[in-house]
Amino acid sequence: MRTCLTSIVFFIAATTWVANTSTAEETFVEVNERFTQATNRTFKAFDPQHEQTWQRPFFFMQLADTQYGMFTGNKGFEQEVALAQQAVEHINRLRPRFVIVCGDLTNATPDHPRYQAQVAQYQQDFSQVDAEIPLVCVCGNHDIGNRPTPTSIASYRKNFGDDYFSFWVGGVCNIVLNSSVLKDPTGAPEVLAAQQAWLERQLRDATSAKAKHILLFQHHPLFLAKENEPDQYFNIPLERRTPLLDQLEQADVRAVFAGHYHRNAYGRAGAMEMITTGPVGRPLGKDPSGFRIVTVYETEIQHKYYGMADVPDNIGLNESIDVQ
Ligand SMILES: [Zn+2]
């Protein structure tokens, strides 16, 4: 969602928030390390050598748009906290191989007075995820601004680590992009250029390492339904979308996972799926707050979105799928 309403609540926000956040801020320093695992363009929790080899089917959980502060225009975040806590309960019960949160972690941008309180609460709530389950964070337009700059990206990196990076899990190459510079590169053209050169290398390396699947994660959907749909707020402009899709198709990328839309949407570009996932936080359509569970087999992936009230007790892996 746009940040255009944030200035309206600026003064209310600045004067009413201090009391409720002291606990969150006290724990900020000690939990911060968990949220800066994305460093040197990879994710520390995963051993790249070991994880490049296919092991066995697994599942992960894809979340998006926790967006602390959105329900109330940054006045508070009680509803986001309640939903995040439900998500964390599901995570700890289901025990996925990893969890990835595809951006708009907070509603406030780094230059907003409520930003640090929202970050602290996010980190407090998600530090409750079992320490054995890696939690991967992805930057969205609210995390670095609709027109990101080196300064806004640096603020994000201080709290959540790299804005683009890649990591292997059990034979699958996972690539995380900063999609806000794809959406609007005018404030940080050098970041987009560096990310582009880096992406080319990642795709080449994943192919030569014989990745079972290459999966891409970012905040903005490349498109919602059709690869050549007109430009609009929720997709990446065709000017940068079309060459990127060609590049991803050439590398045989299996799927792109995104958020930002606050609803689910699905499309395809050739064999590649474009999967847009509804929010943990405030929904903007009929899909309730929830998340996606993605099951990865050697030869295919399966995925399904669950509302918070409809999550199964456990996730069964169909071991027969990979038996040829
Ligand atoms: Zn967004």
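## Helix α10: length and sides

The expected span of a helix is 1.5 Å times one less than its number of residues. In this predicted model, helix α10 covers residues 238–250, and its 13 residues should therefore span 18 Å. The C-alpha atoms at its ends are 18 Å apart, which agrees.

Which residues of α10 are buried? They are Arg 240, Arg 241, Leu 244, Leu 245, Gln 247 and Leu 248. These residues lie on the same side of α10, because they cover an arc of only 165 degrees around the axis. An α-helix has 3.6 residues a turn, so residues three or four places apart point the same way. On the face turned away from the buried side, you will find the exposed residues Glu 239 and Gln 250.

After the helix comes Asp 252, with a positive phi near 60 degrees.

Ala 265, Gly 267 and Ala 269 form the covered face of β10, while Tyr 266 and Arg 268 form the uncovered one. In a regular strand the side chains alternate between the two faces of the sheet.

β10 pairs with β11 in the antiparallel sense, over 5 bridges. Across this pairing, Ala 269 stands opposite Met 272 in β11. The hairpin has 2 residues between the strands, and Gly 270 takes a positive phi near 60 degrees there.

## The zinc site

What coordinates the zinc ion? The donors are Asp 104 (OD), Asn 141 (OD1), His 219 (NE2) and His 260 (ND1), at 2.1 Å. Along the chain, they follow the spacing D-x36-N-x77-H-x40-H. Asp 104 and His 260 link distant parts of the chain, being 156 residues apart. Asp 104 sits in the loop between β4 (99–101) and α5 (115–126), and His 260 in the loop between β9 and β10. Both Asp 104 and His 260 are buried.

Why is the arrangement irregular? The 4 donor atoms subtend angles of 88 to 166 degrees around the zinc ion, which makes it so. For four donors to count as tetrahedral, all angles must lie between 85 and 135 degrees.

## The protein as a whole

Stepping back, the protein has 10 helices and 13 strands. Of its 324 residues, 59% are buried. Among contacts with a separation of 6 or more, 73% come from residues 24 or more positions apart.

Note on methods
Residues numbered from 1 in each chain as written. Predicted model: local features only at pLDDT ≥ 70, side-chain atom pairs only at ≥ 80, totals over all residues. Heavy atoms only, no water. Helix = DSSP H or I, 4+ residues; strand = E, 2+ residues; numbered from the N terminus. Buried < 20%, exposed > 50% of the residue type's maximum accessible area, 1.4 Å probe, protein only. Arc of directions from axis to C-beta. Pairing = 2+ DSSP bridges. Donors = N, O, S within 2.8 Å, 3.2 Å for Na, K, Ca; no water. Tetrahedral: all angles 85-135°; square planar, octahedral: opposite > 155°, others 65-115°. Contact = heavy atoms within 4.5 Å.
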